[in-house]
Amino acid sequence: MIKNILLTILLLSLTLVFIACGEDNTKTNPNNTNINNNGSSNQSSNLTSNNSDDNIESVDKKYEDPYTAPISSEILNAYKSKISEIGSKRGGDIKYDLIFLDDDNIPELVVTELGMRTALYTYVDGKVVYAMDDEEELGFSFGAGGNPGYDYLPRENVIKNFTQESMGLVIYTNYYKLDEKSHKIVKSNEKDLYETHYNDANGNGKPDGNELSKYVEEAKCFYGDEQISQVEFNYKQILGKYVEMAGTKSSSEILKLLEK
Ligand SMILES: [Ca+2]
Ligand SMILES: [Ca+2]
């Protein structure tokens with residue numbers, strides 16, 4: 001088992017050398033990187049799942065449909081009340097979905113204000129709790145300013161997001177997780193993980209003045225203020241077969257699915 005894990009890690013790191021901070025990323029389309037990550041993860045899951053039936057089962061379970069999974073009626077009823085409450089409080093185009101973000105068999109509720117924000121709720125001790133910092137703001141914002149949205153690894157408690165700043169010259173890769181104690185979404189990395197595509201001629205760590213006008217193909221990689229190698233950068237990536245984290249169902253559609 002340990003051998004398999006080591007082999008997988010080795011293969012992933014070798015594959016990744018060709019992804020981040022390399023030619024593919026210089027296209028600055030976050031979706032490109034996403035596709036690459038999905039591709040490399042497919043290879044790795046094939047490798048591992050060929051090894052035993054247990055692994056095939058666990059891969060299947062990861063992508064289990066929350067609407068047909070065995071979930072207690074207490075949890076489903078609590079989410080139904082929350083959906084009705086959100087629907088009556090907020091106007092606009094709100095969409096919902098249930099996902100298994102972490103592996104505790106209690107699904108999370110995704111609430112998306114289309115093209116604007118996505119928020120998560122989870123269920124703790126008989127109650128639906130808001131998993132974001134600020135309820136007024138309704139969670140992660142996306143759509144504007146080079147942030148296409150959020151993806152997650154089912155049952156692995158990983159949320160991933162790319163954010164482009166300075167017209168694509170700086171690209172952040174953000175990872176988040178649901179904190180077990182606070183039941184809030186928190187950043188997984190202590191420091192920012194990002195790539196830059198400009199020549200910092202004045203050395204102030206920011207793209208400014210003439211630096212903004214030239215896109216540099218070869219990326220520099222950073223963790224916080226520290227420049228790191230491509231290999232170190234790749235090593236900090238969390239690979240897997242990501243799924244988009246966004247509400248896709250109207251309140252009436254999801255309430256129907258939750259009737260059991
Ligand atoms: Ca959960
Ligand atoms: Ca500068």
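1. Confidence. Mean pLDDT (the predictor's confidence in each residue, from 0 to 100) is 80 for the protein, and 74% of its residues reach 70 or more. This is a predicted model: local features need pLDDT of at least 70, side-chain atom pairs count only at pLDDT 80 or more, and totals for chains, interfaces and linings use all residues. Residues are numbered from 1 along each chain as its sequence is written, while chains are lettered from A and ligands numbered from 1 in the order in which they are written.

2. Helix α2 (residues 30–49) has the lowest mean pLDDT among the elements, 38. Strand β10 (residues 193–196) has the highest, 97. Helices (H or I, at least four residues) and strands (E, at least two) are DSSP runs, numbered from the N terminus.

3. Helix pair. Helices α4 (residues 73–89) and α6 (residues 251–258) pack at about 165°, axes 10 Å apart. Axes are lines fitted to C-alpha atoms, for helices over the stretch in contact, and angles run from 0 to 180 degrees between N-to-C directions. So α4 is roughly antiparallel to α6 (angles over 145 degrees count as such).

4. Contact residues. From α4 come Leu76, Tyr79, Lys80, Ile83 and Gly87; from α6, Ser251, Ile254, Leu255 and Leu258. Contact requires C-beta atoms, placed from the backbone, within 7 Å.

5. Ser250. This residue sits in the loop between β13 (243–244) and α6. Ser250 is partly exposed, with 15 other C-beta atoms within 10 Å (buried is 20 or more, exposed 12 or fewer, partly exposed in between; C-beta atoms are placed from the backbone). Lys95 lies 155 residues from Ser250 in sequence, yet their C-alpha atoms are 4.9 Å apart.

Terms used: Parallel < 35°, antiparallel > 145°, perpendicular 65-115°, else oblique. Contact = placed C-beta atoms within 7 Å.
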